[in-house]
Amino acid sequence: MFYIAIFFQYVAQYMKTRMQYRADLFVEIFSDLLFQAVNLIFILVVFGHTNLLGGWTRDEIIFIYGFFLVPYALFSSFFNIWNFNERYIVKGELDRILTRPIHSLFQIVLERMELESLFGAVTGIAVMIYAGNNLGLGFSWTDPFLFFLFVIGGMLVYGGIFVLIACISFWADARTSIMPMMYNIGNYGRYPVDIYNSVIRFVLTWVLPFAFVGVYPASYFLGKEEWFLYSFLTPVIGIVFFSISIVTWNSGVKRYRGAGN
Amino acid sequence: MTDAITVRNLKKEFKAYSSRSGLKGAFRDLLTRNYKIVPAVNNISFQVKQGEMVGYIGENGAGKSTTIKMLTGILTPTSGEVIVNGMNPHKDREKFVRTIGVVFGQRSQLWWDIAVQESFRLLKKVYKVTDEQYDSHMSHVIKTLDIEPLLDKPVRKLSLGQRMRCELAAALIHNPPLLFLDEPTIGLDVLVKLKIREFLKEINDKYNTTILLTTHDLSDIEALCERVVMLDEGKIIYDGALKSLKEKWGEGKEIEFQFLEDVTLNDLNRITASSEVKWEKDEKKAIFTAFAEDNDELISLLIAKVVADLKVKDIDIKETSTEEIIRNIYDRGIS
Ligand SMILES: Nc1ncnc2c1ncn2[C@@H]1O[C@H](COP(=O)(O)OP(=O)(O)OP(=O)(O)O)[C@@H](O)[C@H]1O
Ligand SMILES: [Mg+2]
């Protein structure tokens, strides 16, 4: 309860601060939306002339992409930990975090949130509606609930993986370039995994389960029954990965060495 | 009386990696890295009672900040025992930090971009401070530290001294019984320093707040702390009253003379040949300093002799300052 109250306190503070720099805010939202549009055009161009890709139609692929955008937007809003090593370890900002009575990872989530990224979710839903219309998808009353569940699951998968990568900084003091690489790998999750070979498919399902952010949960709404099991695994995988990442984080924090001034 | 801090055989080691030279060395570094284990804090033990103000001093790199970071739960000790406010700082970190306040002079504890009062407001929620508690306590803090006019400015626009006063206020929002201050007066002007000292004294008086403070400015310690703990290369070399440190280590007095006539060191040595005195000359200002044992009779005799033979313009008798005592201890060790 306390954490929820604190969350809204930070959100309110965030809004207040952003409103003060209104021009920046509009520029950012605009460039964000532009980025989404470019991405969408890219998808349309790439899949425009291949109507079928490993048994998936163009609109299905667009639908998956739209779905992917929603958990990804949540992830980018709340897990800005790509520069965790430089900012919190090398510069020693974690010192400050650790003297406050809130879980350290949660504090970083609160401090680094970027709510503008949530616009990506709006784009995502628009894309899904567009593709879903083309496909003539039906709609049932359970869909919003499952959608919510799958989106949260997908966000936790993404968050878990990136928290785990951030944790590397607690053990190794060298800088790694794993973070940007992971952003690239993450993109593979938004294409149907059966177009890849079985090794990549295995990796994207069980090792770096990015497939649970895009294709697996989206398959449910596309009515691809052969993937339903995976669709319903989405929240489970999300919770498992995120829990592992929290446990790792907690033991990593104990190894934090601080920055000698 | 209860102990605010109990530290037993506390130790913190850091691995310091070194790289080998040359290309061959670089390849070997890939496989096995050379490292030395540096003991930053080496088996220290001490206790601090509730309400004490303790000065924690030592040269650069002595291990002061490392100790404070272990006491505040930021770093996990390599070995040893720490009990602060009855808790182990690393175990119940989130519960524990509610009972302490921390200020690092070198680093801001406040949010860079938001106005000071917004920071305060957030911290108030974070520490679950009620409106009544906040109003009664903080309005006083804000007034004493004179930060009212700074409240609506973002932290990044404050000067160092302004920021430090706000940091101090922020550390006290939950009115903790124990306050850790790591170089709180670094880089501040005299007025701000005085204000901060006054303030610390006041909250110590009012709430019996325990304060552990590191500083390189010994006048801070002299103004605030009866007790000092001195650290050297991770070990405690002195723990006791500031006064007895002075008595034990204050090596006599210095008497400064200025003369109306031209005087040489030889003249002075001749005049005072019968007593144990060492003379030194400050060439620029033409000040002659006599170093003598701290013995009233000897000193009055010495002055009498000099005044009888030479025309004196000014005399100044000085006790060895704490600064010098500490300098001497650093230079020569305690034994
Ligand atoms: N994160 C770290 N990694 C490696 N060595 C460290 C680290 N932090 C501190 N040290 C080493 O530990 C020793 C003690 O450092 P510490 O910061 O505690 O000194 P200090 O007494 O606070 O000095 P100062 O007066 O300069 O602030 C130093 O030799 C320092 O190099
Ligand atoms: Mg220090």
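What follows is a short exchange on helix packing and sheets in a predicted model.

Guide: This is a predicted model, in which local features need pLDDT of at least 70, side-chain atom pairs count only at pLDDT 80 or more, and totals for chains, interfaces and linings use all residues. Residues are numbered from 1 along each chain as its sequence is written, chains are lettered from A and ligands numbered from 1 in the order written, and side-chain values use heavy atoms, without hydrogens and water.

Visitor: Why is helix 5 of chain B called roughly antiparallel to helix 7 of chain B?
Guide: Helix 5 (residues 131-145) and helix 7 (residues 190-207) of chain B pack at about 150°, with axes 10 Å apart. That angle makes the two roughly antiparallel. The classes are: under 35 degrees roughly parallel, over 145 roughly antiparallel, 65 to 115 roughly perpendicular, the rest oblique. Axes are lines fitted to C-alpha atoms, for helices over the stretch in contact, and angles run from 0 to 180 degrees between N-to-C directions. Helices (H or I, at least four residues) and strands (E, at least two) are DSSP runs, numbered from the N terminus.

Visitor: Which residues of helix 5 of chain B meet helix 7 of chain B?
Guide: From helix 5 of chain B come B:His137, B:His140, B:Val141, B:Thr144 and B:Leu145. They meet B:Lys195, B:Phe199, B:Glu202, B:Lys206 and B:Tyr207 of helix 7 of chain B. Contact means heavy atoms within 4.5 Å. By class, the residues of this contact are four nonpolar, three polar and three charged. Ala, Val, Leu, Ile, Met, Phe, Trp, Tyr, Cys and Pro count as nonpolar, Asp, Glu, Lys and Arg as charged, and the others, Gly among them, as polar.

Visitor: What makes helix 10 and helix 12 of chain A oblique?
Guide: Helix 10 (residues 198-207) and helix 12 (residues 228-253) of chain A pack at about 60°, with axes 11 Å apart. They are therefore oblique to each other. A:Thr205, A:Trp206 and A:Val207 meet A:Tyr230, A:Leu233, A:Ile237 and A:Phe241.

Visitor: What makes strand 2 and strand 4 of chain B edge strands?
Guide: The open sheet of three strands has the order 2-1-4 in chain B, with antiparallel pairing. Strand 2 (34-49) and strand 4 (79-84) of chain B each have a single partner strand, so one side of each has no neighbour in the sheet. The twist averages 25° from one strand to the next.

Visitor: Why is the pairing of the six-stranded sheet in chain B called mixed?
Guide: Strands of a sheet pair through backbone hydrogen bonds, either parallel or antiparallel. The open sheet has the order 5-6-7-3-8-9 in chain B, with mixed pairing. Strand 3 (residues 53-58) and strand 7 (residues 210-214) of chain B supply a parallel pair over four bridges. There, B:Gly55 stands opposite B:Leu213 in strand 7 of chain B.

Definitions and conventions. Two strands pair if DSSP finds at least two bridges between them.
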